[in-house]
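Subject: Structure handover

Hello,

Here is the structure I said I would pass on. My notes on what was found in it follow below.

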Amino acid sequence: MKKQKVSEMINLFDLLSEEIFFVILDCLNTNPLDKKSFSLVCKSFYSIESKHRKKLKPLRQEHLPKILTRYPSITHLDLSLCPRITDNSLTTISTACKSTLRSIDLSKSGAFTGSGLMSLSLNCKNLVEIDISNAIGLKDAGAAALAEAKNLEKLWMGRCKLVTDMGIGCIAVGCEKLKVMSLKWCLGVGDLGVGLIAVKCKEIRSLDLSYLPITNKCLPSILKLQYLEDLVLEGCFGIDDNSLAALKHGCRSLKALDMSSCQNISHLGLSSLTSGTGGLQQLTLAYGSPVTLALADGLKKLSMLQSIKLDGSVVTCAGLKAIGNWCVSLKELSLSKCFGVTDEGLSSVVTKHRDLKKLDITCCRKITDVSIAQTTSSCTMLISFKMESCTLVPREAFVLIGQRCHFLEELDLTDNEIDDEGLKSISRCSKLSILKLGICLNITGVGLAHVGMSCSKLVELDLYRSVGITDAGVSAIAHGCPDLEMINISYCKDITDTSLISLSKCSSLNTFESRGCPLITSLGLTAIAVGCKQLIKLDIKKCHNINDVGMLPLAHFSQNLRQINLSYTSVTDVGLLSLARLSCLQSMTILHLIGLTPRGLAAALLACGGLTKVKLQASFKSLLPELLFKHLEARGCVFQWRDKGFQEELDPKCWKLQVEDMMGGGY
């Protein structure tokens, strides 16, 4: 009887068109397992799901032939999780995805050569995006192969250090439709190559030339690009004021300019470069020349400027005041780690920019409650406020944030004096999705409970070393924030399995960090494994009471786990070997596991076939056969050896004092 009803239901589905099924599948995006479940209903659903899938992110290259046969309509192929993609694999891809492939990401896969890229370029005529960043062995022949991809519009080549002007010249001639190009850290590329790109690729919209050894010679050609909107010149030390002074006109189409770490450019050069760029909306001058009155005056004509990032720069009060006066459309201001930011300067800016949406004053250690009062009263529309390590701000000032800034979505209060009253006030910010409260030694579970009751949209919570946090607070978060994706409770020493059992109800949790929580056991970890099946990253370092009993359910239920830190736990050979069932596992840190033997380690390393990075105690290097390392490295695994002795944990307050001593008082 049941079989008959199922058969009738499936026959009803036969009346629906393929397009309707595609609309249904478009709605199944929250859980990656949903589409898999759909495909397992019947052969018809299996076929429909195969045709519908357009994006693919495989873990291993050996699965590619089978996967590409299963999914014939792939347009976007992300291979960034595959540590080694060979020419044979690229040939397989180019044959299987001949007419459909439009985008491919090879940014973490360095085993291919120009031969594989040639196959891809010649066969996949509709290819418009390719990322070969970090292909450190690729030479000009490989770049020349890319020139055959005539329809290419976006190309990322970051850290292709062996490619020279000759290879870039081939790309410039062959790929005239390019709109986005990144040559960051391509140290072999100079003025000639960049100049050819500017002359031949007239449709360029975005150009990243970070850390290239270029000079003023190529700048005139770049600034003549009539569609150029985004230009990154970070770390271009060969450009100075004298070379920029020769430029009569800027680039009128430019909307975003990044000149971070350009130590040889002062306000004079900046003024030359930005002349005629009245439409500039984003300007980044991080770790550059001092922000003085003269530099700020150079921004007078940039009436459309909405974002200024000055991170790591020396900022004068006069300069900051002038920025407030001239940049009338400012929506974002970043002063992270700036030396010289004072209450007077910051207050002057925020009182003039009531529409400010994002403010970053991380490590501005001279500001006090005066700045917080002015900021919260003037900028009530803030959606992002970062003020890590503003240690002169008293606890009473944090109440003002919750009273006045109700639209906040991101708030970073790491290493501050906030207490439970401050948290109670901040809980009024019901739109909060990211909250960072690391090293806040005055907060407890009482304050956190208010956040849990009122901030239901929270997806990321950082409580690192906030030692007053208890199970009651974490349980309130778990109950009130069902969409939580990331939580860090590292070194919150009063946390027990009760918190983990509560968090197991957060089915979207993908990152869980609990290092240094001695009361957590395998029971709590089991609850996380069973309830949080989307877990990707797990850090249980120094959770001494977690042993093999916790590894078994982890191996069974956490099939999406990619990164794990087991250092200083009580896991032995048996527990480590059980993790071989996790086909997605790529990164393991296994330091100071007393119960781990060389034989058990060797067996686990061989069994975990997808590993790309392993951190091990240096003492194991001489205890394992060299052939084992060669075999694993051939599979794409990188070993990082550590020689640190067993470390006892410091009291949090002593730890904080030591950090402050090392920084010498900071900024």
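**Cavity and pocket**

The residues that line the largest cavity are Met259, Cys262, Ile265, Ser266, His267, Leu270, Leu285, Gly288, Ser289 and Leu295. Please keep in mind that this is a predicted model. Sorted by class, the lining of the largest cavity has six nonpolar and four polar residues, and no charged residues. The volume of the largest cavity is about 90 Å³. The count of cavities of 30 Å³ or more comes to one.

There is also a pocket to report. The second largest pocket holds about 650 Å³ of space. Its lining is made up of 26 residues, and those that lie nearest the centre of the pocket are Ser80, Pro83, Lys108, Thr612 and Gly636. The lining of the second largest pocket divides into nine nonpolar, 12 polar and five charged residues.

**Aromatic pairs**

The structure has six aromatic pairs. In one of them, Tyr211 and Phe237, the ring centres are 6.4 Å apart and the planes stand at 65°, so this pair counts as edge-to-face. The pair joins distant parts of the chain, 26 residues apart: Tyr211 is in the loop between strand 7 (206-208) and helix 11 (219-223), and Phe237 is in the loop between strand 8 (230-232) and helix 12. Tyr211 is buried, because its relative accessible area is 19% and the cut-off for buried is under 20%. Phe237 is partly exposed, with a relative accessibility of 46%.

Another aromatic pair is formed by Phe639 and Trp641, and this one is stacked, with 5.9 Å from centre to centre and 15° between the planes. Phe639 has a relative accessible area of 12% and is buried, whereas Trp641, at 22%, is partly exposed.

Tyr211 and Phe237 also belong to one aromatic cluster together with Trp185.

Most residues other than glycine have a negative phi. Here are two residues with a positive value.

Cys363 has a phi near 60°. Cys363 lies in the loop between strand 13 (358-360) and helix 17, and it is buried, with a relative accessible area of 9%.

Ile439 has a phi near 55°, again a positive value in a residue other than glycine. The loop that holds Ile439 runs between strand 16 (434-436) and helix 20 (445-454). Ile439 counts as buried, at 12% relative accessibility.

Where does Ile372 sit? Ile372 is part of helix 17, which covers residues 369-378. Ile372 is buried, with a relative accessible area of 1%. Leaving out neighbours within four places in sequence, the contacts of Ile372 are Ile367, Phe385, Met387, Val393, Ala397 and Ile401. One of these, Met387, is 15 residues from Ile372 in sequence, and the C-alpha to C-alpha separation of the two is 9.8 Å.

Ser253 is in the loop between helix 12 (241-245) and strand 9 (256-258). Which backbone oxygen does the side chain of Ser253 reach? The side chain of Ser253 reaches the backbone oxygen of Gln226, at 3.3 Å. Residues up to four places away in sequence aside, Ser253 touches Leu225, Gln226, Tyr227, Leu228 and Glu229.

Regards

Notes
Residues numbered from 1 in each chain as written. Predicted model: local features only at pLDDT ≥ 70, side-chain atom pairs only at ≥ 80, totals over all residues. Heavy atoms only, no water. Helix = DSSP H or I, 4+ residues; strand = E, 2+ residues; numbered from the N terminus. Polar contact = N/O pair within 3.5 Å; in protein donor to acceptor, adjacent residues only side chain to side chain. Contact = heavy atoms within 4.5 Å. Buried < 20%, exposed > 50% of the residue type's maximum accessible area, 1.4 Å probe, protein only. 1 Å grid on protein atoms, 1.4 Å probe; cavity = no way out; pocket = protein on both sides within 12 Å on 5 of 7 lines; lining within 4 Å. Points joined across faces, edges and corners; volume = space filled by probe spheres on them. Nonpolar A, V, L, I, M, F, W, Y, C, P; charged D, E, K, R; others polar. Phe/Tyr/Trp six-rings, centres within 6.5 Å; stacked < 30°, edge-to-face > 60°.
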